[in-house]
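Please work through the following exercises with the sequence and the model at hand. Each task is followed by a stepwise solution.

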Amino acid sequence: MPKRRDLDTLLRDWPYRPDEVLARIIKGSDGRQIVQMRIDLGILQMELTDRPDGQRPHGEKTYFDYLIRESLDQGDAFTMSPEQCQQADQEFAQFYQRRISWLSLREFRRAVSDADHTLAFMDFVKEHSPDDDWTIGHEQYRPFVLFHRVQASVFAMLDDEGAEAAIAELNRGLTQFKKIYAEYEAEEKYEEDEFVVRLNELKESLRKHFRVDRTLQEQLDEAVAQEQYELAAKLRDKLAKKKKA
């Protein structure tokens, strides 16, 4: 009797739901852990570390690592070829799929790590892109990736250090959004950004739920803005003592 090769049983036992990211961590046949995500036409299976498909492009952990090596070998003249652009896009897609799986599984530190990989790769692409259109095509997704990164780091901080630390982390993320809008001379659109609005809503939700007032850093920023330098000095001392504790 021929061995079955279809996925009917697997798909039936794990129904797809279009309104939810469905992910799980399981053991492979060799005992290693792998992460799976249910999609409409099947199941994606990914490694937990390095490149999600488990490949080692040109012997490197990721295609990004390979491109870094190439750029160092070729120097300032290095520009990505069409094939390299295509391979980069494949890796961007793989890290996106795993990132949203981590968020679904509340594996926030892993989500932060994958978001950092993508953001660093986007920086590389911007520097070595073959043309402006290809650069813009990727830069338009930077706020989306940064939103995932901030969201994951906030919840990781909430689990590890509490609500006040999470709010401080969220404020650092909002500062990164401001830098993006400043870089493209679009500061007036910052407050209207969908992700900025959602992060501010999250901040107020954390304040309300955990009864957190303004953090020391927020008080310091306000004192500096209002040129209350004596108060600012006292707040800096408090922050320094808190970090040492």
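**Exercise 1: Threonine 118**

Threonine 118 has a relative accessible area of 4% and is therefore buried (buried means under 20% relative accessible area, exposed over 50%, partly exposed in between, with a 1.4 Å probe and protein chains only). The model is predicted: local features need pLDDT of at least 70, side-chain atom pairs count only at pLDDT 80 or more, and totals for chains, interfaces and linings use all residues. Residues are numbered from 1 along each chain as its sequence is written, and side-chain values use heavy atoms, with hydrogens and water left out.

Task: State where threonine 118 lies and which residues it touches.

Solution. 
- Step 1. Threonine 118 belongs to helix 4, residues 108-128 (helices are DSSP runs of H or I with at least four residues, numbered from the N terminus).
- Step 2. Leaving aside residues up to four places away in sequence, threonine 118 touches Phe92, Phe95, Arg99 and Val145 (contact means heavy atoms within 4.5 Å).

**Exercise 2: Leucine 103**

Task: Determine whether leucine 103 is buried or exposed, and list what it touches.

Solution. 
- Step 1. Leucine 103 is placed in helix 3, residues 82-104.
- Step 2. Its relative accessible area is 18%, so leucine 103 is buried.
- Step 3. Beyond residues up to four places away in sequence, leucine 103 touches Phe108, Ala111, His148, Gln151 and Ala152.
- Step 4. Between leucine 103 and valine 21 there are 8.9 Å in space, C-alpha to C-alpha, although the two are 82 residues apart in sequence.

**Exercise 3: Salt bridges**

Solution. 
- Step 1. Side chains of opposite charge can pair when their charged atoms come close.
- Step 2. The whole structure holds 17 salt bridges (a side-chain nitrogen of Lys or Arg within 4 Å of a carboxyl oxygen of Asp or Glu).
- Step 3. In one of them, arginine 98 meets aspartate 114 at 2.7 Å, N to O.
- Step 4. Arginine 109 pairs with aspartate 160, with the closest N and O atoms 2.9 Å apart. Arginine 109 is partly exposed, with a relative accessible area of 45%.
- Step 5. Salt bridges that share partners join Asp116, Arg149, Glu169 and Arg172 into one network.

Definitions and conventions: Helix = DSSP H or I, 4+ residues; strand = E, 2+ residues; numbered from the N terminus.
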